[in-house]
Amino acid sequence: MKKQNPAFNLSRMTNKIAPSRRKFLKTALAGAGAAAAVPLSAKADDYITPSMTTPGKAFTPYGMPSGHEDVKRLLRPPGISPGTGGSLSPIESLEGMITPSGLHFERHHNGVPDIDIKAHKFLIHGLVDKPLEFTIAALDRYPRISRMHFVECGGNSAANAGSPTPPQVTAGGIHGLISCSEWTGVQLGMLLDEAGVKPEGKWILAESADAAGMSRSIPLQEAHEQGILVLYQNGERLRPEQGYPLRLLMPGWEGNLNVKWLHRIKVTASPTMTKDETSKYTQSLKDGKANQFNFIQPPKSVITRPSGMMTMNGPGYYEISGITWSGHGKIAKVEISFDGGSTWTAAEMPGPVFSKCVTRFRLPWEWDGKAVVVQSRATDEKGNVQPTRAAWKDRFSPAQFYQYNAIQAWQIGADNTVKNIYV
Ligand SMILES: Nc1nc2c(c(=O)[nH]1)N[C@H]1C(S)=C(S)[C@@H](COP(=O)(O)O)O[C@H]1N2
Ligand SMILES: [Mo]
């Protein structure tokens, strides 16, 4: 038998070239398009930089992004008070599936409260055998679970729903009310069982400790099965903006139901009909009626690279990349169209695909430099498909903007511009 060199085996094992890499090599190396790298312009010794000959900086207690980076949340003008409104995640500048905690979008109805973790109390009461009061220290003694899930505001992408002409802003400016984290906490069902829900208890009311008095009704069964009382975000305590020290997470449900700064859960016989589920977060239909309790965020995808306000680098190889998610479960496929939606090509989803979680998609593409419209369309594991803008608009009153999930189209011009376009 021929002796095999282990190093050779290793390189064989790790050298499986995905279709995207194969296409890149073919395009770039054939010199067909513009390769990203350029040949050495001097001897390797001439590339020695001061950073290679000067000792580096000292340790820091809490790391920050490089000073050469300037990626920030996009702040919207505040509403009726300084803390009313939202800030958007710069999704066009981010990679992978997890949103850095400091760039998680924010949606506050009355600002970020300053809550002392040692003083905070969380109550379970109402139709229960044993009303309970918890400190965070008490909650910390329960078994925990960690899950990766997105949070998306019901008002995300509303700019495309409402504006008669496509707004010319970044992908984050339109769709940045989406973020994805690893959340760690205690299963709500366990605590409801400890309190002992009475047979008449069919709903819960979840209410916050902020000055907005955010409160939402959730059917007991779903709250029991799916609810997580979140204590940690991406490995550290929740950020104040995300509900420190305690938030309710209903994975895949409309952002608004994920009550931050959670103060109490009351078990009720029927929905409480709070302001946030009557005057807001309903869907206005064509006949003047409104659908209430539209809990689950429908499937969506957005190409973030290239996307609105970006400038192309002339013809050649590009990796089309973006994010996709569905409140119904896993994403089954993402397809890309380059011809106004007549034909579609499946994108790759090379990373992990988790349920109710942001998934990254990628597709190698060789741009010929001519004007083209690029669109992405997500399908989830339950068979829900992203609609066209026209199909979505047709279902609702012209005033409706919540849970807008129509296909996003980007117009790439021969002048290298990338613009938002309705097709
Ligand atoms: N207490 C409280 N919880 C809240 C809100 C709020 O204003 N106060 N906003 C809700 C809305 S509308 C959304 S979209 C999400 C936003 O979560 P984030 O700010 O962590 O991104 O929180 C929800 N929970
Ligand atoms: Mo929201």
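Reader: Which residues count as nonpolar, which as charged and which as polar?
Author: Ala, Val, Leu, Ile, Met, Phe, Trp, Tyr, Cys and Pro count as nonpolar. Asp, Glu, Lys and Arg count as charged. The others, Gly among them, count as polar.

Reader: By class, what does the shell around ligand 1 have?
Author: This is a predicted model. In it, 20 residues surround ligand 1. Phe105, His109, Asp210, Arg247 and Lys260 are the closest. Sorted by class, the shell has 6 nonpolar, 8 polar and 6 charged residues.

Reader: Which strand gives the largest share of the shell around ligand 1?
Author: The largest share is 3 residues. They come from residues 106–108, which form strand S3.

Reader: How much of ligand 1 does the protein bury?
Author: Start with the polar contacts, with a cut-off of 3.5 Å. An oxygen atom of ligand 1 lies 2.7 Å from a polar backbone atom of histidine 109. A nitrogen atom of ligand 1 is 3.2 Å from a side-chain N or O atom of serine 208, and a nitrogen atom is 2.7 Å from one of aspartate 210. Taken alone, ligand 1 exposes 530 Å², and the share of that buried by the protein is 100%.

Reader: Where does ligand 1 sit?
Author: The protein buries 100% of the area that ligand 1 exposes alone. Its site is the largest cavity.

Reader: Why is the pair of phenylalanine 150 and tryptophan 325 tilted?
Author: The count comes to 14 aromatic pairs. In this one the ring centres are 6.4 Å apart. Planes under 30 degrees apart count as stacked and over 60 as edge-to-face. The planes here are at 55°, so the pair is tilted.

Reader: How many residues apart in sequence are the parts that this pair ties together?
Author: Phenylalanine 150 lies in strand S6 (residues 145–152). Tryptophan 325 lies in strand S17 (residues 316–325). The pair therefore ties together parts whose separation in sequence is 175 residues.

Key:
Residues numbered from 1 in each chain as written. Chains lettered and ligands numbered in written order. Predicted model: local features only at pLDDT ≥ 70, side-chain atom pairs only at ≥ 80, totals over all residues. Heavy atoms only, no water. Near = heavy atom within 4 Å. Polar contact = N/O pair within 3.5 Å; in protein donor to acceptor, adjacent residues only side chain to side chain. Areas by Shrake-Rupley, 256 points an atom, 1.4 Å probe, with all protein chains shown as cover. 1 Å grid on protein atoms, 1.4 Å probe; cavity = no way out; pocket = protein on both sides within 12 Å on 5 of 7 lines; lining within 4 Å. Sits in = over half its atoms within 2 Å of the grid points. Helix = DSSP H or I, 4+ residues; strand = E, 2+ residues; numbered from the N terminus. Phe/Tyr/Trp six-rings, centres within 6.5 Å; stacked < 30°, edge-to-face > 60°.
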